[in-house]
Amino acid sequence: MQFFIDPYFPDTINAVGDAGMAGFDEKRSLYLSGCKNFLAKYRDDIRQMHNSGASGSDVTHLLSDMMDELNNRLFLSIIYDLGGGDSMLEHVSLVAVGGYGRGELNPYSDIDIMFLHDGILPTATVEDIAQKLLYFLWDMRLDVGYSVRKIADCIEMAAADGTVKTALMDARFLSGSRPLFASLHKVIFRQILPKSSDSFIKEKVADMKSRREKYGSTVYLLEPNLKEGEGGLRDLQTAIWVARVKYKFSELRELIIKGIVDDEELETYHAALDYLWRIRNELHYFNGRKNDQLTFDAQVHLAGFFGYKDSGRVLAVEDFMRDYYRQANKIEHFTSSLISRCIWRDEGALKILGYFVRRPVGDGCFVLKGELIVPDESIVEKNPGVMMKIFELAQKHGVTLNVRVKGIIRKNLALINDKFRRSREVNLSFMNILRSTKGVASTLNLMHHLEFLNRYIPEFEHIYCKVQHDLYHIYTVDTHTLFAVEQTEKMLSGELKKIMPLPCAIASQIGKPELLILAVLFHDIGKGSGGGHAEKGATMIPTISRRMGLSREDSERLEFLVGQHLLFAHISQRRDLNDEKMIAQFARQMETSENLKMLYLLTVADVRAVGSDVWTTWKASLFQELYEKAFSILDRGGFQLEASSERVNSVIKRVTDLLENDLPAIQVRQELKAMPVRLLLSNPATLIAEQVRLLQGLEQSDILLRLTHQPESGYSEYTICAHDLPGLFSRITGVMAANGINILGAQINTSKNGKVLDILQVNSPQGNLVTDSARWDKIEQDMRQVIHGEVQVSTLVSKRKRPTLLTARPAPRFATKVDIDNEVSEEYTVIDILTHDKVGLLYLITSTLAEIGLYIGVSKISTKVDQVADVFYVRDIFGHKITDQEKLNEICSKLMSAIDDWV
């Protein structure tokens with residue numbers, strides 16, 4: 001595309017330098033109008049080309065060329081209108097720097113320019129030229145960065161600031177004095193770049209590290225930053241800057257001539273750059289501004305723009321992001337590889353010091369300067385199994401792989417075939433890696449990074465770069481899996497003993513840690529196949545086990561763990577842990593205590609690897625309760641439960657004895673006989689005694705409230721003791737919602753004498769203890785007024801729901817789901833609700849259940865970022881389960897309508 005600016009300027013303005021023409025100030029409005037028309041025309045043309053499929057590189061270069069035409073014309077016009085003419089142009093140059101200097105502009109990129117002068121012209125004159133041009137660009141709503149410098153200024157500032165050095169590396173002549181720019185170019189490559197090149201490289205590597213800490217230390221974050229994130233544009237730019245400082249080249253192809261990269265690697269660089277530019281161009285157009293964050297809504301738009309389609313259970317956006325992560329992984333590898341070559345010293349130079357002489361470690365491998373090297377690359381071609389040995393030896397000696405060794409592995413991935421996978425030697429080496437007491441997760445990460453893991457375990461390819469389009473999982477499936485392995489390794493080593501004493505204690509009892517690691521590594525491999533991923537994954541295990549040479553017993557245990565890996569979290573968070581028959585059934589499913597221990601540790605690792613905020617002390621307490629109750633049943637070797645009537649009589653006697661000095665025995669026995677049997681059988685006698693005192697207190701007061709903080713557990717227990725009335729629990733949840741209190745769990749106990757004892761576990765929405773006494777006083781006041789009917793709870797909740805001026809973060813949506821189960825509990829109908837979290841949601845659900853005429857016995861609340869999984873154990877007004885299908889359909893329909901209509 002050619003850019004013609006003349007048609008957008010009146011003829012009088014084209015006659016630059018004509019003494020008879022008007023001055024600059026008189027022409028300014030005409031200039032501005034012409035420039036705006038020029039930009040509007042060519043911006044629209046370029047966007048049409050982009051929409052028609054133009055490459056990312058073509059569009060960025062066209063946008064840069066367009067700005068060149070505009071800047072050059074304005075620059076020359078300003079100088080001639082000021083009466084400077086050719087004599088002034090000999091002493092000043094207009095120079096593009098940064099991304100603009102590289103000729104790479106996206107639709108809303110910053111435009112960085114430098115006004116370079118030789119000092120002959122007064123600085124004030126150069127500043128005046130700069131200001132006039134800048135105000136033009138600013139009036140056209142362009143983001144412009146500028147500087148006015150002499151060559152001496154450039155040398156001084158580059159020495160003090162690495163960002164100036166990188167900007168100058170990309171400097172490009174636009175207009176004015178070409179000899180002056182040539183002098184700058186010579187200074188850049190002969191004086192600025194050679195100076196402190198080692199410190200510059202170290203600075204850039206440090207910058208990259210801190211950038212990753214800020215924007216995400218993995219390629220696979222689910223909302224990556226296209227520019228600053230790992231595997232993004234800045235990584236590519238950093239690699240080229242470092243290489244340019246090290247090897248002093250002007251054109252990239254010089255790196256091939258110097259033997260630093262090959263044709264394939266340079267092609268990878270150009271393809272990656274083009275891919276990212278095309279995405280970034282559309283991201284700018286979509287947002288109407290400069291933006292580099294691939295937010296969920298942007299991802300959905302980009303997937304559609306680039307022609308991705310939903311396919312079965314796989315969303316278009318998930319396929320688009322999978323391709324993005326694959327490309328980002330290639331970029332990260334190219335970047336780290338090129339930078340490593342720039343840092344690496346010739347082996348011969350290191351032999352001066354005896355400490356650095358290479359040390360043989362077997363299989364043709366050596367350790368040199370903390371890296372594992374393979375001098376003879378042909379050994380891998382002769383014996384591909386050496387590749388697995390390379391990882392084992394690096395782990396054993398605590399060293400990293402040299403960049404050349406990484407290249408050898410990537411180059412020879414095609415040698416990993418079925419014979420390789422079934423090799424006894426290879427599999428023994430892999431199991432040695434898993435059995436090691438250190439470096440298991442980091443070694444598997446390295447295998448994954450080099451794409452070795454996918455080739456060795458083809459089933460892992462199903463989840464490679466696999467995206468889950470929600471706010472709960474912040475990493476891709478493969479990265480989540482490797483984080484889970486890291487968590488498992490830390491439990492096995494006891495590193496987490498202080499914060500997770502029980503999991504670490506159980507981990508120390510595991511007979512085959514490598515089997516646990518395998519279970520964690522394989523727990524999500526079914527996710528790439530659609531449908532129930534636990535079951536799909538389990539069906540893959542026998543094949544994998546045979547290939548790896550595992551025993552039948554180990555294979556069956558592995559299959560069990562993968563197939564059941566969702567069960568422990570489901571039971572602990574969404575089922576009544578005081579239901580002894582359900583716990584016994586769960587223990588029976590475990591079969592052995594070793595299965596229970598491994599499943600517990602697998603679940604802990606799985607949850608902790610989802611994200612930093614997902615594992616909570618509340619979840620830990622639920623996991624521990626389920627584990628200890630199930631282990632107790634397995635430990636005693638039988639599943640028979642003592643008759644409940646005998647145990648109830650025993651509890652009544654113990655509690656009566658405890659209260660003999662406080663309350664009349666007859667009153668205590670009457671109170672206990674009225675209390676729900678499940679309450680008596682699921683709590684220690686001392687706690688039941690306290691509850692009896694509270695219930696007896698209702699003789700003097702119609703509402704009793706008690707608050708107990710449990711800092712070690714991260715929540716408070718709030719007990720409400722009152723006389724029963726319709727919709728009482730919904731009123732309680734409404735008061736909590738109105739006061740910004742998060743309910744983790746609830747036990748609703750209604751005695752036969754009409755007294756209610758509701759026990760809530762609560763904290764703040766941020767997961768912290770609520771200790772502000774004034775806030776609790778307000779809650780108590782609201783609670784009393786609502787229960788007495790003096791205030792409508794709906795009024796309190798609606799105040800809390802007032803709209804905010806802040807816009808909500810776009811998030812993936814899914815349909816509300818209501819499931820009803822009449823099998824899991826003998827006494828209750830269990831309602832499972834999965835939906836998006838909303839202010840006052842629990843109040844909405846409980847009030848809807850009350851309107852339908854259902855009584856809630858147990859409520860379990862589980863929140864995953866923006867997703868809520870609430871469970872309610874309910875009965876009808878006669879205390880029976882709901883079995884009529886028409887009534888069950890009505891419950892589902894009314895709940896879904898109420899939730900979806902709630903805004």
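Asp-819 is partly exposed, with a relative accessible area of 37%, where partly exposed lies between buried (under 20% relative accessible area) and exposed (over 50%), using a 1.4 Å probe and protein chains only. Its partner Lys-817 is likewise partly exposed, at 45%, and the two side chains meet in a salt bridge at 3.9 Å, N to O. A salt bridge here is a side-chain nitrogen of Lys or Arg within 4 Å of a carboxyl oxygen of Asp or Glu. Elsewhere, salt bridges with shared partners join Arg-102, Glu-104, Asp-170 and Arg-244 into one network.

The model is a predicted one, in which local features need pLDDT of at least 70 and side-chain atom pairs count only at pLDDT 80 or more, while totals for chains, interfaces and linings use all residues. Residues are numbered from 1 along each chain as its sequence is written, and side-chain values use heavy atoms, with hydrogens and water left out.

In total, the structure holds 43 salt bridges. Among them is the pair Glu-228 and Arg-234, at 3.7 Å, N to O; both of these residues are buried. Another links the side chains of Lys-755 and Glu-671 at 2.8 Å, N to O. Lys-755 belongs to strand 12 (residues 755-763) and Glu-671 to helix 34 (residues 665-674), so this pair ties together parts that lie 84 residues apart in sequence. Helices (H or I, at least four residues) and strands (E, at least two) are DSSP runs numbered from the N terminus. Lys-755 and Glu-671 are both buried.

Attention now turns to the nonpolar interior. A nonpolar core is a set of buried Ala, Val, Leu, Ile, Met, Phe, Trp, Tyr and Cys residues joined through side-chain atoms within 4.5 Å. The largest such core has 108 residues, of which Leu-372, Ile-409, Phe-430, Leu-444, Phe-452, Leu-521 and Phe-522 touch the most other members. Helix 31 (residues 593-608) supplies the largest share of this core, with 9 residues. Beyond residues up to four places away in sequence, Leu-444 touches Phe-430, Leu-434, Leu-453, Leu-482, Val-485, Ile-517 and Leu-521, a contact being heavy atoms within 4.5 Å. A second, separate core comprises 67 residues, including Ile-192, Ile-260, Trp-277 and Leu-338.

Finally, Thr-863 sits in strand 15 (residues 855-864) and is partly exposed, at 34% relative accessibility. Apart from neighbours within four places in sequence, Thr-863 is in contact with Asp-837 and Val-868. His-836 is 27 residues from Thr-863 in sequence, and the C-alpha to C-alpha separation of the two in space is 9.2 Å.
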